[in-house]
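These are my notebook entries on a single protein chain. I list what I looked up, entry by entry.

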Amino acid sequence: MGGNNKFIDKFSNVAMRVGGQIHLKALRDTFATIMPLYILAGLAVLVNNVVLPFILKGAALENAQYWGTVITNGTLNISGLLVAPIVAYMLSQSRRFENPLAAALIALSSLVVMMPNVLEVTPLNAEKAVATTGVLGYSNIGTTGLFAGIIIGLITAELFINISSIDKLKIKLGDNIPLAVSNSFNVLIPVILVLAFWGIISTILYVSFDTNLVALISQFIQEPLRKVNTSLVGVLFLYSLGNFLFTLGIHQTVIYGTLLEPLLIANINENMLAYANHQAIPNIMNVAFVPTFGMIGGSGSTIVLIIVTLLFSKNKVSKSIAKLGLAPGIFNINEPIIFGYPIVYNIALMIPFVLLPAIGIAVAYAATAIGFMNPCVVYIPWTTPPLVNAYLATAGDWRAVIVQLLIIIIGVLLYLPFVKINDKIVEKQMTEGEAEEA
């Protein structure tokens, strides 16, 4: 038993170090900041393609849908441009750099420096693309440029912070100069050096290889990583590992928020754009799909545990906690259950807590793959209640609700024996405690 505890302690420490790694933390904070924009984009896609067609037709519909189009352009289609400065800003704050705004600005500038100067653009109503200069294409600054924004933002921030720390490179104007002017001159040389560095890289890639860094990152890093991590096996492994860590008291975002969520966000962005343009939906796994079918009522799908406890548990304490956790659980907030029931370090409940989300994801994946239900194409708020979230995430497919109900039924059957085991353990502990007091 002591050996097991030592292993768990070591494993927990490693997981916490990984989750607290400064670059991964900056990445989590970045997507937490951007999330409202993506949720708005999801609502815009839903309104444009589900709500408005029921109300309007013809030219009136086309005019009304312009609203959703411009919202999509200002959110999904500039994902790379959004990520680069924010991740640089978050990293600079974690590094306690005195001028994080300057780091954000130079990261944005660096990303644009690394983009192609010539684009193949297809004119409206034309069949062939033409070479165009002087434009930034959504293909580079949007979802395709997401990882480029992350990588260039992080590297730029590190370069800028380190170069700015060299005192000899600072231009000091004296004490009677406005702070904004003084800060600008302090980082003038570091800005020049960092942008010149990226300019040289961009020039070499274009002149020698006729390519650019954004395309290389997308081709050799983003796409291979996304295919592995967001495959059925990859998601089941990483998400289950995150839920297992949660049973040890380490929030599952240590794994999910760093290794999985950014890639799932890229997938839902592609889905929303494809759905908005009436194209085939490319990704089953995405940031709407996994929580909807693998986090019903919160991590571990604990709304099922609440249902089982209220219907079948004979333990008054467990029932009381379930009642307290019901209202927040409906909105997928389950910390009261995880730490109050508790699930943390509770061997009896750790098993269904980890297994049910994996089963739910697998069942929903199979249902989507065989065409029983539509893929998830709307980025919905994670607090959307069960059943409602399945309907909205799939843009109004009632069959998704049936699949979620099936997962809940499976979950009841899975949780039931373990709840009974937990009741017996609690009862035995209470009896032993009373005996000791006597």
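**Helix pairs**

I began with helices α7 and α9, which are oblique to each other (angles under 35 degrees count as roughly parallel, over 145 as roughly antiparallel, 65 to 115 as roughly perpendicular and the rest as oblique). The model is predicted, with local features needing pLDDT of at least 70 and side-chain atom pairs counting only at pLDDT 80 or more, while totals for chains, interfaces and linings use all residues. Residues are numbered from 1 along each chain as its sequence is written, and side-chain values use heavy atoms, with hydrogens and water left out.

I noted that helix α7 covers residues 146–164 and helix α9 residues 188–209; their axes come within 9 Å and cross at roughly 140°. Axes here are lines fitted to C-alpha atoms, for helices over the stretch in contact, and angles run from 0 to 180 degrees between N-to-C directions. Helices (H or I, at least four residues) and strands (E, at least two) are DSSP runs, numbered from the N terminus.

From α7 they are Ile-152, Ile-155, Thr-156, Leu-159, Phe-160, Ile-163 and Ser-164, and from α9 they are Pro-190, Val-191, Leu-193, Val-194, Phe-197 and Trp-198. By class, the contact of α7 with α9 has 11 nonpolar, 2 polar and no charged residues. For the classes, Ala, Val, Leu, Ile, Met, Phe, Trp, Tyr, Cys and Pro count as nonpolar, Asp, Glu, Lys and Arg as charged, and the others, Gly among them, as polar.

I looked up α7 again with helix α4 (residues 79–94): the axes come within 7 Å and cross at roughly 30°. This crossing is also recorded as right-handed. On the α4 side the contact includes Val-83, Val-87 and Leu-91, and on the α7 side it includes Gly-149, Gly-153, Ala-157 and Glu-158. The class count for α4 with α7 is 10 nonpolar, 5 polar and 1 charged.

**Ala-26**

I found Ala-26 in helix α2 (residues 22–55). Ala-26 has a relative accessible area of 0% and is therefore buried (buried is under 20% relative accessible area, exposed over 50%, partly exposed in between, with a 1.4 Å probe and protein chains only). Not counting residues up to four places away in sequence, Ala-26 touches Val-87, Met-90 and Leu-91. I also checked Ala-126, 100 residues from Ala-26 in sequence, and the C-alpha to C-alpha separation is 43 Å.

**Ser-301 and Thr-302**

I placed Ser-301 in the loop between α13 (289–294) and α14. Ser-301 counts as buried because its relative accessibility is 0%. Beyond four places in sequence, Ser-301 touches Gly-294, Met-295, Ile-296, Leu-356, Pro-357 and Tyr-415.

Thr-302 belongs to helix α14 (residues 302–312). Thr-302 is buried too, at 0% relative accessibility. With neighbours within four places set aside, the contacts of Thr-302 include Ile-296, Asn-334, Phe-353 and Tyr-415.

**Gln-404 and Leu-387**

I located Gln-404 in helix α19 (residues 398–437). Gln-404 is buried, at a relative accessible area of 0%. Outside four places in sequence, Gln-404 contacts residues including Thr-292, Phe-293, Ile-296 and Leu-387.

I followed that to Leu-387, which sits in the loop between α17 and α18 (388–393). Leu-387 has a relative accessible area of 31% and is therefore partly exposed. Phi of Leu-387 is near 75°, a positive value in a residue other than glycine.

**A cis bond**

I noted that the peptide bond from Tyr-341 to Pro-342 is cis, with omega near -10°. Pro-342 is in the loop between α16 (335–340) and α17 (347–369). Most residues other than glycine have a negative phi, and most peptide bonds are trans.

**Whole chain**

The protein chain has 19 helices and 2 strands, and buried residues make up 48% of its 438 residues.

Definitions and conventions. Contact means heavy atoms within 4.5 Å. A crossing is left-handed if the near helix is turned anticlockwise from the far one by less than a right angle, and right-handed if clockwise.
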